[in-house]
Amino acid sequence: MSKVTEQLTSILEAKTGAPFLFVGSGFSKRYMGLEKWSELLEKFCDGIKAYGYYTSQNNNYLPGVASSMAVDFNAFWWSDERFVESREDYKNSTTEIASSLKIEIAKYVSSLIELEGLSPELLEELAALSALDLDGVITTNWDLLLEELFPDYRVFVGQEELLFSNPQSVAEIYKIHGCSSQPNSLVLTREDYQDFENRNPYLAAKLITLFIEHPIIFIGYSISDENIQKIIKSIVNCLGQEKLEEFASNLIFVQRTKDGTGNAQVQQTIMAIGEIQLGITVVRTDSFIEVYNAIANKKRKIPAKILRFCKEQMYDLVKSANPEQRMIVSDIDNVDDKDKVEFVMGVGVAAHERERLAGTGYQGVGIDEIFLDSIKEESNYDAEQILARTIPNMKSSNKYVPIYRYLREIGINSLSDLRSSEHASLEKFVRNTRQDFVYLTYQKQYSLEFAGLSTSEIIAKTTVKKAPMIIPFQQDQDIDRAEVRAFLDTHKEHMLAGKSSAGTYFRKLACLLDYIDYSF
């Protein structure tokens, strides 16, 4: 364990709450190569005035630059042939003069989800990050990387959605500056920032408990970042003097070393918020794996996504005036049908039950083994045992499980067969449709670059991590299953939980094979 990891682990262990990440633009630049804000705006000056014109008109105030650009870009967008497709797709979404600029920026940012050309060190960082059991993430970023890293977390887009929803502060992502999936939500222009700042006190009130009860780890921001300063100031204004020290001790900023020596260290420093000085922690390192490992050392008894479900159900049960609310007492890993349960209580398996199950070898088979087995021509397992002892005990977060071959092997050939069998509870694992295996973000790229190619040609033309996102666009009869199995076997490490930032893509591709060959 490195010195930084050891020191940060000690700091986090002293906290009662699990960490939240607060993620900024430096994070997207590090892992996606996304341009900084000024570079991004300049990119969209093609066809309108020079970028320097807009900066000079607004004294280089970037929200003002965006506002001025939006006026000229709107006229250009409605007339230029290159935006014909966008105009058709978003004709009902142009609700403001800045909508057209936001639409094109959102489309560009969304297209950068693939992580091509990353160094082994950065890929290792992302694998470690995606395996973390965080309480949640707050971000001002617009891209979709966090959703890919934490696919089971609930996402709240924009201040309004956060303010008027029921966040549980567990297994959630708060995109407070909007998201590229909803172009009009982007906080981009002078007017957007004015509206954001007007609501800052309400946002601070929503986040204040989180900042007091959890360590907040800032990644991708400088301590002097204006947005962060304003948010922290809004929270400070809500706190009494006795809470300021506790609040400040929860603020941890991760910064890259600036001297080029790579000397990593954890140190205490002062952050000035107006006349108030906050004693915060700064971690200086070029390898963020040291930070992610420290967070991983902060163990919790209940996975974050399960705890959020429990809190959500508890809130709804207490809030409800209906005395007929249903409650289930069960092993938490077996809870999956949220539509039938308003509240869940009972975590873990009793000691005598664990002893009873200890002798059942199939109980030890995990999701990794199931996926590795699914890509073999013939299964190594007894299908009856897998269906009776292994799959029922998988975590509720395992939405994609290659189950159809096992069902077929024991003579279950339809949904009605399944419902009338002793394995009826497994119906939740056969609800995926063919469309669930397609990444719509890549539909246009498939049409332009890969349509008509064979499976082997697609694999040869693109990167290892991108192939699982392109292959599902092929028609079922055109997918070379043997080629895909060989591809998955060659790169099987990507299917293992927590081992790859592209793990979800590879597991879904394996499930697609199972779906095509064996689904009802």
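Colleague: Which strands form a hairpin, and what sits in the turn?
Modeller: Strand 7 and strand 8 form the hairpin, with two residues between them. In the turn, Gly274 has a positive phi of about 65°. Helices (H or I, at least four residues) and strands (E, at least two) are DSSP runs, numbered from the N terminus. Before we go on, this is a predicted model, in which local features need pLDDT of at least 70 and side-chain atom pairs count only at pLDDT 80 or more, while totals for chains, interfaces and linings use all residues. Residues are numbered from 1 along each chain as its sequence is written, and side-chain values use heavy atoms, with hydrogens and water left out.

Colleague: How many bridges join strand 7 to strand 8?
Modeller: Here is the general idea: two strands pair if DSSP finds at least two bridges between them. Strand 7 (residues 265-273) and strand 8 run antiparallel, and nine bridges join them. As an example, Gln265 has Arg284 in strand 8 as its bridge partner.

Colleague: In which sense, parallel or antiparallel, do strand 6 and strand 8 pair?
Modeller: Strand 6 pairs with strand 8 (residues 276-284) in the parallel sense, over four bridges. Look for Gln255, which stands opposite Arg284 in strand 8.

Colleague: How should I read burial, and how many residues of helix 14 are buried?
Modeller: Buried means under 20% relative accessible area, exposed over 50%, and partly exposed in between (1.4 Å probe, protein chains only). Helix 14 (residues 289-296) is mostly covered, with six of its eight residues buried. Those residues are Ile289, Glu290, Val291, Tyr292, Ala294 and Ile295. By contrast, Ala482 in helix 24 (residues 481-490) counts as partly exposed at 47% relative accessibility.

Colleague: How many salt bridges are there?
Modeller: A salt bridge is a side-chain nitrogen of Lys or Arg within 4 Å of a carboxyl oxygen of Asp or Glu. By this rule the count is 22. One of them joins the side chains of Glu85 and Lys444, at 3.8 Å from N to O. Glu85 belongs to helix 6 (residues 84-89) and Lys444 to helix 21 (residues 443-450), so this pair ties together parts 359 residues apart in sequence. Glu85 is partly exposed at 41%, and Lys444 is partly exposed at 46%.

Colleague: Are Arg405 and Asp373 buried or exposed?
Modeller: First find the pair: the side chains of Arg405 and Asp373 meet in a salt bridge of 3.9 Å, N to O. This bridge links distant parts of the chain, with Arg405 in helix 19 (residues 404-409) and Asp373 in helix 17 (residues 367-374), 32 residues apart. Arg405 is buried at 5% relative accessibility, and Asp373 is buried at 2%.

Colleague: How many disulfides does the structure hold?
Modeller: A disulfide is a covalent bond between the sulfur atoms of two cysteines. The test here is a pair of cysteine sulfur atoms within 2.5 Å, and the structure holds zero disulfides. Cys45 is buried, with a relative accessible area of 9%, and Cys511 is buried at 5%.

Colleague: How much space lies in the second largest pocket?
Modeller: On a 1 Å grid over the protein atoms alone, a cavity is a set of points where a 1.4 Å probe fits but cannot get out, whereas a pocket is an open set with protein on both sides within 12 Å along at least five of seven lines; lining residues have an atom within 4 Å of a point. Grid points are joined across faces, edges and corners, and a volume is the space filled by probe spheres set on the points. The second largest pocket holds about 1,000 Å³ of space. Of its 38 lining residues, Ser25, Gly26, Trp37, Gly220 and Asp225 are the closest to the centre. Elements that give two or more residues to this lining include helix 3 (37-43), helix 11 (190-213) and strand 6 (251-255).

Colleague: Which element gives the largest share of that lining?
Modeller: Helix 2 does, with six residues.
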